[in-house]
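Thanks for coming. I will talk through one structure and how its parts meet. Please have a look at it before I start.

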Amino acid sequence: MTAAYEEREPDQLPGVAPPEYTTEVRGHAAALEALRQRLTAGRLPGGVLLHGPRGVGKATLAFAFAREVFTRT
């Protein structure tokens, strides 16, 4: 990945695109599938807590799932 993205956040990783520009979610297949199943069933919780070490893709997962929520009809 290139450093074509300006640094906006103090915890942003150098040279890594901000999560809203990243469409590929890696390493979170089980979590994403669990959220998709709840969405399909119409049983999304009022909130979801994502936790883990810096740089593992929590925000990328959140943005990807939000895109799914807002694009489903």
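Which residues does L32 touch, not counting residues up to four places away in sequence? The answer is L61, F65 and E68. Keep in mind throughout that this is a predicted model, and what I quote was computed from it.

L32 sits in helix α1, which runs over residues 29–41. Its relative accessible area is 9%, and the cut-off for buried is under 20%, so L32 is buried. For a sense of distance, take G55, which is 23 residues from L32 along the chain. The C-alpha atoms of L32 and G55 are separated by 17 Å.

As a general point, nonpolar side chains in soluble globular proteins tend to be buried together. Here the largest nonpolar core has five residues, namely L32, L35, L39, L61 and F65. Both α1 and α2 supply at least two residues of this core. The helix that gives the most is α1, with three residues.

Setting aside neighbours within four places in sequence, F65 is in contact with L32, L35, R36, L39 and L44. Among those contacts are the core residues L32, L35 and L39.

Which residues of α2 are buried? They are T60, L61, A64, F65 and E68. Viewed down the axis of α2, these buried residues fall within an arc of 125°, so they line one face of the helix. The buried residues of α2 pack against α1.

T60 deserves a separate word. T60 lies in α2, residues 58–71, and has 15% relative accessibility, so T60 counts as buried. Leaving aside neighbours within four places in sequence, the contacts of T60 are P19, T22, E24 and V25.

That leaves the charged residues. In general, side chains of opposite charge can pair when their charged atoms come close. How many salt bridges are there in this model? The count comes to three.

One of them joins E24 and R26, at 3.4 Å from N to O. R26 is exposed, with a relative accessible area of 63%.

Another joins E68 and R36, whose closest N and O atoms are 2.7 Å apart. E68 lies in α2 and R36 in α1, so this pair ties together parts that are 32 residues apart in sequence. E68 has 17% relative accessibility and counts as buried, while R36, at 30%, counts as partly exposed.

E68 also forms a salt bridge with R72, with the closest N and O atoms 3.8 Å apart. R72 is partly exposed, with a relative accessible area of 38%. R36, E68 and R72 are therefore linked in a network of salt bridges, given that the rule is a side-chain nitrogen within 4 Å of a carboxyl oxygen.

To close, look back at E68. E68 is one of the residues that L32 touches, and E68 also pairs with R36. That is all I have; questions are welcome.

Conventions
Residues are numbered from 1 along each chain as its sequence is written. This is a predicted model: local features need pLDDT of at least 70, side-chain atom pairs count only at pLDDT 80 or more; totals for chains, interfaces and linings use all residues. Side-chain values use heavy atoms; hydrogens and water are left out. Helices (H or I, at least four residues) and strands (E, at least two) are DSSP runs, numbered from the N terminus. Buried means under 20% relative accessible area, exposed over 50%, partly exposed in between (1.4 Å probe, protein chains only). Contact means heavy atoms within 4.5 Å. A nonpolar core is a set of buried Ala, Val, Leu, Ile, Met, Phe, Trp, Tyr and Cys residues joined through side-chain atoms within 4.5 Å. The arc is that of the directions from the helix axis to the C-beta atoms.
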